[in-house]
Amino acid sequence: MPDTLFDKIIRREIPADIVYEDDDVLGFRDINPQAPVHVLFVPKTPVATLNDLTEADALLVGKVVLAATRWAKTQGFAENGYRVVMNCNRDGGQTVFHIHLHLLAGRAMHWPPG
Ligand code: 5GP
């Protein structure tokens with residue numbers, strides 16, 4: 001799989017505002033935030049799109065979700081709520097082909113999202 005800018009952030013080759021890290025997951029603020037809190041949680045092992053996930057990735061995906069929810073609980077907004085989004089390919093709005101979870105918080109979200 002070709003390198004993406006998220007691989008470079010993980011390797012600290014380009015800067016990012018990192019807010020969370022464990023052995024498997026990195027969390028850093030989105031450069032173009034869509035809410036007062038907008039953090040991207042990415043697995044350190046790259047997978048290009050949600051379509052490329054296999055059964056073998058189930059634990060990794062679970063770790064990404066748990067990293068986000070764990071971090072949310074430390075930030076004081078978890079009770080009020082938040083939104084998580086994972087975009088897939090063109091119609092999903094995916095622009096970086098290394099799967100990632102968007103955690104959005106700090107304002108009321110609308111539904112349907114549009
Ligand atoms: P996608 O559209 O693939 O679901 O999300 C990619 C996200 O990466 C976008 O929300 C975009 O703002 C963010 N992004 C793109 N380039 C950079 C960057 O260099 N640094 C950071 N922190 N976020 C980026």
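Predicted model: local features only at pLDDT ≥ 70, side-chain atom pairs only at ≥ 80, totals over all residues.
View 1. Gly76 follows the helix. The phi of Gly76 is positive, near 90°.

**View 2. Val64 within helix α2.** Is Val64 buried or exposed? Its relative accessibility is 3%, under the 20% cut-off, so Val64 counts as buried. The residue belongs to helix α2. Beyond its neighbours within four places in sequence, Val64 is in contact with Val25, Phe41, Pro43 and Leu101. Val47 is 17 residues from Val64 in sequence. In space, the C-alpha atoms of Val64 and Val47 are 12 Å apart.

**View 3. The largest nonpolar core.** Nonpolar side chains tend to be buried together in soluble globular proteins. Here the largest nonpolar core has 14 residues. Which of them touch the most other members? They are Phe41, Trp71, Phe77 and Leu103. At least two residues of this core come from each of β3, α2 and β5. Helix α2 supplies the largest share, five residues.

**View 4. Contacts of Phe77.** Phe77 is one of the residues that touch the most other members of the largest nonpolar core. Neighbours within four places in sequence are left aside in this view. The remaining contacts of Phe77 are Val37, Trp71, Ala72, Tyr82, Leu103 and Ala105.

**View 5. The largest pocket.** A probe the size of a water molecule, rolled over the atoms, shows where empty space is left. The largest pocket holds about 470 Å³ of space. It is lined by 23 residues. Closest to its centre are Asp30, Ile31, Asn32, Leu40 and His102. The elements α1 (5–10), β2, β3 and β5 each give two or more residues to the lining. Which element gives the most? Helix α1 does, with three residues. By type, the lining has 12 nonpolar, eight polar and three charged residues.

View 6. Most residues other than glycine have a negative phi. Arg12 has a positive phi, near 65°. Its place is in the loop between α1 and β1. With a relative accessible area of 45%, Arg12 is partly exposed. Asn89 is not a glycine either, and its phi is positive, about 60°. Asn89 lies in helix α3, residues 89–92. Its relative accessibility is 30%, so Asn89 counts as partly exposed.

View 7. Most peptide bonds are trans. Which form does the bond from Trp111 to Pro112 take? The bond is cis, with omega near 0°. Pro112 sits in the segment after β5.

Conventions: Residues numbered from 1 in each chain as written. Heavy atoms only, no water. Helix = DSSP H or I, 4+ residues; strand = E, 2+ residues; numbered from the N terminus. 1 Å grid on protein atoms, 1.4 Å probe; cavity = no way out; pocket = protein on both sides within 12 Å on 5 of 7 lines; lining within 4 Å. Points joined across faces, edges and corners; volume = space filled by probe spheres on them. Nonpolar A, V, L, I, M, F, W, Y, C, P; charged D, E, K, R; others polar. Core = buried A, V, L, I, M, F, W, Y, C linked by side-chain atoms within 4.5 Å. Buried < 20%, exposed > 50% of the residue type's maximum accessible area, 1.4 Å probe, protein only. Contact = heavy atoms within 4.5 Å.
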